[in-house]
Structures are given as structure tokens and as C-alpha cells.
Amino acid sequence: MNDEPIPTFWHWFFHGVAKRPGYRRVANAWGLFHLGLGSIVAFVVEVDFQELAKGALLPLMAILVGLTFSWAGNVNSIMQTEEVRKFLSEKGGPLEYVYTFQLCILINIAVISAWCVPLLDLPYLLPCQTRAPVEGAMAAMLFAAVSLAVRTGWHAVVGSNMLLLRKLIQRGRSGRDTA
């Protein structure tokens, strides 16, 4: 039995285990895309954030979290097969995949939490002259966060499907080898 301690999620996130640190999965060139998209949406769409959070985004984000959890559960069962375990040992080990799915869930929870802030109806502490640029920047960040959550949720689906395909392809090959 291997008594070596398992690196924590936060160790993987800040330092990495077999590959680059986990934060690099979201802090990359795609971040500029998300910020750009968030800025465009914030500039084009005139919306009351409380109404948007209540009526649309929080329910949609709850659905996204549910989908991410279900795909992560699917991956847990797929990762227990011999074909996939062999593949994972070549691709950075199971920690890379497990913690990547955990990062998707963390991002979804953080985005939902960020979108709950407008629901708090906090008083404005900024003078009227600086309120508009700050609100615009906050809107861009909130919309960028939604874009990031959708992307990471999609990556959970893609990662799960890739592992399932790896399992099926390997089983197909081993079936042909014995026939």
C-alpha cells in the first residue's frame, strides 16, 4: 500500500502536481476572451442586476452546477476502469482530472456567489461621479464570470466524454486482439 500523502486541491491549484499549476487552466488567453465578452455585454445590455440575478442567471447557474456535478459523477465511475486508469497514468495521473473537475465546480459556486451580491441591495458607498465606471467594471466582471462558468462546464462535459471514448476505444481494441 502506498503511504505517500495525496496532494491537496490547493497544492495542485497553486503549484501543480504532474503538470502546470491548476490556476493556469483558467488564467490564460481565454481570460481575455471572457473579459472582452463580459465588457461587450455590459456595454450593450442595459439591465437591472437584481432582476437579472433573480429571474434568469441564478436559476441557469443552478442548472449548470447540476450538470457539472452529474458529469463529474460520471467521470468518477469511468475512472475506475482499467483502460482509463492506464490512460490517466500517461496523462498526468488521476489528480489532474479529479482536481480539474473540482475546479469546474468551484468556479460555478464562485460565480453563483458573485451574482448573489446584487441581491443584497447594499447601499452605494461611492460618490456619484465614480459610480458609473465602477458599475460598468463590475458588470463586465459578472458577465465575464458567467462566460467562464459556461466554458468550464463545457470542459467538464468534454473531459467526461473523452474519458468515456478512451474506455470504449480501448475495450474495442482489446476485444479485437482476443478474437
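**Figure 1. Composition and position of the lining of the second largest pocket.** In this predicted model, the lining residues of the second largest pocket comprise eleven nonpolar, five polar and seven charged residues. Here Ala, Val, Leu, Ile, Met, Phe, Trp, Tyr, Cys and Pro count as nonpolar, Asp, Glu, Lys and Arg as charged, and the others, Gly among them, as polar. The space in the second largest pocket amounts to about 550 Å³. Of its 23 lining residues, Arg25, Tyr97, Thr100, His155 and Gly159 are the closest to the centre. A pocket is an open set of points on a 1 Å grid over the protein atoms alone, where a 1.4 Å probe fits, with protein on both sides within 12 Å along at least five of seven lines; lining residues have an atom within 4 Å of a point. Grid points are joined across faces, edges and corners, and the volume is the space filled by probe spheres set on the points. Helix H5 (94-116) and helix H6 (128-178) each contribute at least two residues to this lining, and H6 gives the most, with ten residues. Helices are DSSP runs (H or I, at least four residues) numbered from the N terminus.

**Figure 2. The salt bridge between Glu96 and Arg25.** One salt bridge is found in a search of the whole structure. The side chains of Glu96 and Arg25 form this contact, at 2.8 Å from N to O. The pair joins distant parts of the chain, 71 residues apart: Glu96 belongs to helix H5, and Arg25 to the loop between helix H1 (9-15) and helix H2 (29-44). A salt bridge requires a side-chain nitrogen of Lys or Arg within 4 Å of a carboxyl oxygen of Asp or Glu. Glu96 is buried, with 3% relative accessible area, whereas Arg25 is partly exposed at 26%. Buried denotes under 20% relative accessible area, exposed over 50%, and partly exposed the range in between (1.4 Å probe, protein chains only).

**Figure 3. A nonpolar surface patch that includes Ile169.** Trp154, Val158, Met162, Leu164, Leu165, Leu168 and Ile169 make up the patch, with about 660 Å² of accessible area together. Patch residues have over 30% relative accessible area and no salt bridge, and nonpolar side chains (Val, Leu, Ile, Met, Phe, Trp, Tyr) are joined within 5 Å. Areas come from the Shrake-Rupley method with a 1.4 Å probe. Ile169 lies in helix H6 and is partly exposed, with a relative accessible area of 42%.

**Figure 4. Ala145, Ala132 and Val84 in their helices.** Ala145, in helix H6, is buried at 18% relative accessible area; its C-alpha is 17 Å from that of Phe101, 44 residues apart in sequence. Ala132, also in helix H6, is exposed at 54%, and 27 Å separate its C-alpha from that of Ile109. Val84 belongs to helix H4 (residues 82-90) and is buried, with a relative accessible area of 0%; Val84 and Pro127 are 57 Å apart, C-alpha to C-alpha.

**Notes to all views.** Residues are numbered from 1 along each chain as its sequence is written, and side-chain values use heavy atoms, with hydrogens and water left out. For this predicted model, local features need pLDDT of at least 70 and side-chain atom pairs count only at pLDDT 80 or more, while totals for chains, interfaces and linings use all residues.

Definitions and conventions:
Patches are made of residues with over 30% relative accessible area and no salt bridge: like charges are joined within 9 Å, nonpolar side chains (Val, Leu, Ile, Met, Phe, Trp, Tyr) within 5 Å.
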